[in-house]
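Q: Could you go through this model with me before I set anything up? I'd like to start with the overall layout and then go into particular contacts.

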Amino acid sequence: MEIKKVLVVGAGTMGHSIAQVYATAGIEVNLIDINEDSLNRAMILIKSNLNTLAEFERVKKNEISNILNRINPSTNLKDAAQGVDLVVEAVSEVPDLKEKVFSQLDEFCSENTILASNTSSLDIFKIVKVKKPERLVIQHWFAPPHIIPLVEIVAGRKTSKDTVELSVKLIERLGKKPVVLKKYIDSFIVNRIQNAISGVVFELLLRRIATPEMIDVAIKHSLGIRLPIVGVVQTMDFTGLDLISDITKSKGIEISLIKNRVDQGHLGAKTSKGFYDYGNMSEEEILRKRDRQYLKILSHLEKIDAFEPI
Ligand SMILES: NC(=O)c1ccc[n+]([C@@H]2O[C@H](COP(=O)([O-])OP(=O)(O)OC[C@H]3O[C@@H](n4cnc5c(N)ncnc54)[C@H](O)[C@@H]3O)[C@@H](O)[C@H]2O)c1
């Protein structure tokens, strides 16, 4: 099934930009909102976003008017739902509202239309009732969608493999990066990790351990340089899984994922195997490869004054 026409419901922070990404990929988009002002604002923002992307040669300046022409803003959901292959729901994060919108979509769209929700935190599969639930899926974007590549794809128990595969191919066709969760979990991958970070930030602030500015300075000058290269898992291979084991043990915690690796002598970069397998690379080669990447990032961040607040 080829996606030729898409309906985006909700033209706010996420919806306007998701519509823009689809239109940029050459796909016709009906963009719906209950609020006429939201639609007007959305079209102004899309034009402005496209001009910013053109400055960085991410879209061609002479394509902007064609992209805009592919987006049809409207407040009439019933008409906009006709003949669409996919719906992306991006209305406010209110369960009753999502339920209502999906029941309207179920009524107005063809039974073969893929129904995707951009929810960040709701178990849409429990809230929403639609005919043929195998076509219901979460496609979770990150703000701003016209820049951030990741789209998390989350299936419910009844979502079909075909719907997941189609979602993956579609997101790739848009030039974005799909990651399919192996099973449903609240807040998915990124927000779950982000929520854990936020919890600690609130604690540090409430206990007056540091000011907001101090926390951001600390993070930007450390994790900010490492994260783009080693993520949050591979970074442990460089810390050394033996050290992590000692630290967690001293706090009375044993993590089987770490213990099993340490018991087998897989300590990370220093033994060429940890969470990742570095094949035949020596420790020296692994560290040099990492350090070259770190230095490229560091030089670039310094060049663009990234250590100053926005
Ligand atoms: N803001 C983010 O960073 C972010 C990131 C990922 C996912 N999300 C998710 O995306 C969804 C939208 O979030 P947002 O930040 O864009 O919200 P928003 O408040 O900016 O936009 C929501 C839009 O939905 C419209 N709307 C409300 N009821 C409607 C209806 N019945 N029909 C059509 N339009 C309706 C509103 O008028 C508004 O323009 C939420 O589920 C949110 O959790 C948000």
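This is a predicted model: local features need pLDDT of at least 70, side-chain atom pairs count only at pLDDT 80 or more; totals for chains, interfaces and linings use all residues.

Q: What share of the residues is buried?

A: Of the 310 residues in the chain, 40% are buried. As for contacts, among those with a separation of 6 or more, 62% are between residues 24 or more positions apart.

Q: Now the sheet: in what order do the strands come?

A: The order is 3-2-1-4-5-6-7-8, with eight strands forming an open sheet whose pairing is mixed. The edges are taken by strand 3 (71–74) and strand 8, and each of them has a single partner strand, so one side of each is left without a neighbour in the sheet. From one strand to the next, the twist averages 25°.

Q: Take strand 7, how many of its residues are buried?

A: Strand 7, which covers residues 150–155, has five of its six residues buried, so it is mostly covered.

Q: And how many bridges join strand 6 to strand 7?

A: Strand 6 (residues 136–141) is joined to strand 7 by five bridges, and the two run antiparallel.

Q: What about strand 7 to strand 8, parallel or antiparallel?

A: Those two run parallel, with four bridges joining strand 7 to strand 8 (residues 177–180).

Q: Which residues does Ile114 touch?

A: Leaving out residues up to four places away in sequence, Ile114 touches Met1, Asp85, Leu86, Val87, Arg135, Val137, Thr163 and Leu166. For a sense of distance in the chain, Ile114 and Pro212 are 98 residues apart in sequence, and their C-alpha atoms are 42 Å apart in space.

Q: And His16, where does it lie, and what does it touch?

A: His16 lies in helix 1 (residues 15–24) and is buried, with a relative accessible area of 7%. Residues up to four places away in sequence aside, His16 touches Gly10, Ala11, Leu31, Ala42, Leu45, Ile46 and Asn49.

Q: So how do helix 1 and helix 2 cross, at what angle?

A: The axes of helix 1 and helix 2 (residues 36–55) cross at roughly 55° and come within 9 Å. That angle makes helix 1 oblique to helix 2, and their crossing is right-handed.

Q: Which residues meet there?

A: From helix 1, His16, Gln20 and Thr24 meet Ala42, Leu45, Ile46, Asn49, Leu50 and Leu53 of helix 2. Sorted by class, the contact of helix 1 with helix 2 has five nonpolar residues, four polar and no charged ones.

Q: On to helix 10 and helix 14, what's the crossing angle there?

A: Helix 10 (residues 223–230) and helix 14 (residues 283–303) have axes that cross at roughly 130° and come within 9 Å. The two helices are therefore oblique to each other, and helix 10 passes helix 14 in a right-handed crossing.

Q: Who's in contact?

A: Gly224, Ile225, Arg226, Pro228, Ile229 and Val230 of helix 10 meet Gln293, Tyr294, Ile297, Leu298 and Leu301 of helix 14. The contact of helix 10 with helix 14 has eight nonpolar, two polar and one charged residues.

Q: Last one, is the crossing of helix 12 and helix 13 left-handed or right-handed?

A: The crossing of helix 12 and helix 13 is left-handed. The contact is made by Leu241, Asp242, Ile244 and Ser245 of helix 12 together with Ile258, Arg261 and Val262 of helix 13, and these residues divide into four nonpolar, one polar and two charged.

Definitions and conventions
Residues are numbered from 1 along each chain as its sequence is written. Side-chain values use heavy atoms; hydrogens and water are left out. Axes are lines fitted to C-alpha atoms, for helices over the stretch in contact, and angles run from 0 to 180 degrees between N-to-C directions. Angles under 35 degrees count as roughly parallel, over 145 as roughly antiparallel, 65 to 115 as roughly perpendicular and the rest as oblique. A crossing is left-handed if the near helix is turned anticlockwise from the far one by less than a right angle, and right-handed if clockwise. Contact means heavy atoms within 4.5 Å. Ala, Val, Leu, Ile, Met, Phe, Trp, Tyr, Cys and Pro count as nonpolar, Asp, Glu, Lys and Arg as charged, and the others, Gly among them, as polar. Buried means under 20% relative accessible area, exposed over 50%, partly exposed in between (1.4 Å probe, protein chains only). Two strands pair if DSSP finds at least two bridges between them.
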